[in-house]
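Have a look at the model first.

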Amino acid sequence: MFPTKNFKTIKGKQILSDLFIGRPLKMNIVDNKLLMIDKYEGKQITMIDLINTNKIERIANIGEGPNEFLNLRDITYNSKNNSLAFFDGMLRQVSFYKINEHKIQINNNTFHRKVRFNADCPYDIVAFGDYFLANGCFNAKQFALLNSKADIIAEFGVFPGDNTGVEVENSFFLKNQTTLCTNLDQSRFVAGYFHDQLVFYRFENNKIIKVREYFSMNAKMVSRHTKDGNQDIYSSSENDETTRTYRMLYSTKEHIYALYWGIANKDFGKTGKVCYILKFDWNGNLKEGFKVNNLLKNIAIDEISNCIYAVTYPEDERESILMKYEM
């Protein structure tokens with residue numbers, strides 16, 4: 001779909017080699033701080049000062065008490081009110097904290113509010129201004145817009161390709177897992193599913209408006225629904241034809257970046273470890289592309305310093321390493 005032969009090849013170098021990194025779920029750069037959701041030693045976030053990289057903190061305690069989390073899944077930054085929203089997938093809640101004097105702290109002084117979701121809430125929830133965006137399978141729609149009380153007020157997004165099994169919602173969702181990312185002023189967002197769909201939206205006058213969509217193939221996934229007595233069991237799995245495409249999205253003030261593999265499982269390891277970083281404007285126009293001779297797992301973009309921070313694995317794949325790429 002994209003002219004990868006014209007992409008710029010960038011080479012990185014490992015930084016902070018003594019820093020232990022497990023398998024981070026999410027990376028964000030806020031106020032010259034690199035935040036990584038990565039459970040370690042009773043904490044859920046590793047925070048690195050990008051100006052003084054020797055200053056590293058572990059924050060966000062694991063627990064069920066005030067200002068504690070059980071399973072952090074996402075962090076959303078809102079530049080309009082200078083706040084962070086933390087989604088805990090196990091506690092089914094989003095907690096908001098203010099950034100005071102460029103200090104990122106999770107305590108009673110910075111706590112703003114908390115919103116809890118019911119047991120039927122979908123897999124991921126992203127704060128979006130006074131609203132929330134959620135993925136799932138809502139009456140055969142991909143996404144939902146929720147109000148400040150966590151009530152669904154709109155459903156949108158059409159699953160592309162073969163919709164066989166859509167009536168079995170949980171199993172179908174596992175087959176078509178999706179991804180969400182908002183821009184920093186919370187006026188636009190990008191949504192799609194991991195197997196080659198990307199849709200750009202804007203939010204105007206309380207209406208969701210599709211700006212542009214990319215789609216190239218069906219999700220070649222196997223989904224299953226079985227029963228064990230009164231219990232429903234849902235699962236999905238990849239096969240040789242499954243192609244891994246969009247791995248994650250990252251937003252900056254002007255752009256949205258997509259980490260893109262484009263590798264079928266049957267070809268995994270045959271073509272070498274190569275992936276791509278796609279740079280779009282918020283109207284969905286591809287502005288630039290980068291080729292990396294490694295498989296990246298997570299990325300965070302620092303447009304001020306014109307560099308990419310990324311997590312990958314060494315050859316033995318026993319421990320993650322942090323890389324820095326100059327754009």
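Searching the whole structure turns up 8 salt bridges (a side-chain nitrogen of Lys or Arg within 4 Å of a carboxyl oxygen of Asp or Glu). Keep in mind that this is a predicted model, where local features need pLDDT of at least 70, side-chain atom pairs count only at pLDDT 80 or more, and totals for chains, interfaces and linings use all residues. Residues are numbered from 1 along each chain as its sequence is written, and side-chain values use heavy atoms, leaving out hydrogens and water.

**Salt bridges**
- Lys26 pairs with Asp74, with the closest N and O atoms 3.7 Å apart.
- Lys26 sits in strand β3 and Asp74 in strand β8, so this pair ties together parts 48 residues apart in sequence.
- Both Lys26 and Asp74 are buried (under 20% relative accessible area; exposed is over 50%, partly exposed in between, with a 1.4 Å probe and protein chains only).
- Arg202 and Glu204 also form a salt bridge, at 2.8 Å between the closest N and O atoms.

**Asp49**
- Asp49, in strand β5, is buried yet has no salt bridge, and the nearest side chain of opposite charge, Lys33, is 4.3 Å away.
- Its side chain does reach the backbone nitrogen of Asn52, at 3.1 Å.

**Largest pocket**
- The lining of the largest pocket has 31 residues, with Leu25, Phe194, Arg247, Met248 and Lys297 nearest its centre (lining residues have an atom within 4 Å of a point on a 1 Å grid; a pocket is an open set of points where a 1.4 Å probe fits, with protein on both sides within 12 Å along at least five of seven lines).
- β22 gives the most to that lining, with 5 residues.

Methods:
Helix = DSSP H or I, 4+ residues; strand = E, 2+ residues; numbered from the N terminus. Lys, Arg positive; Asp, Glu negative; His and termini not counted. Polar contact = N/O pair within 3.5 Å; in protein donor to acceptor, adjacent residues only side chain to side chain.
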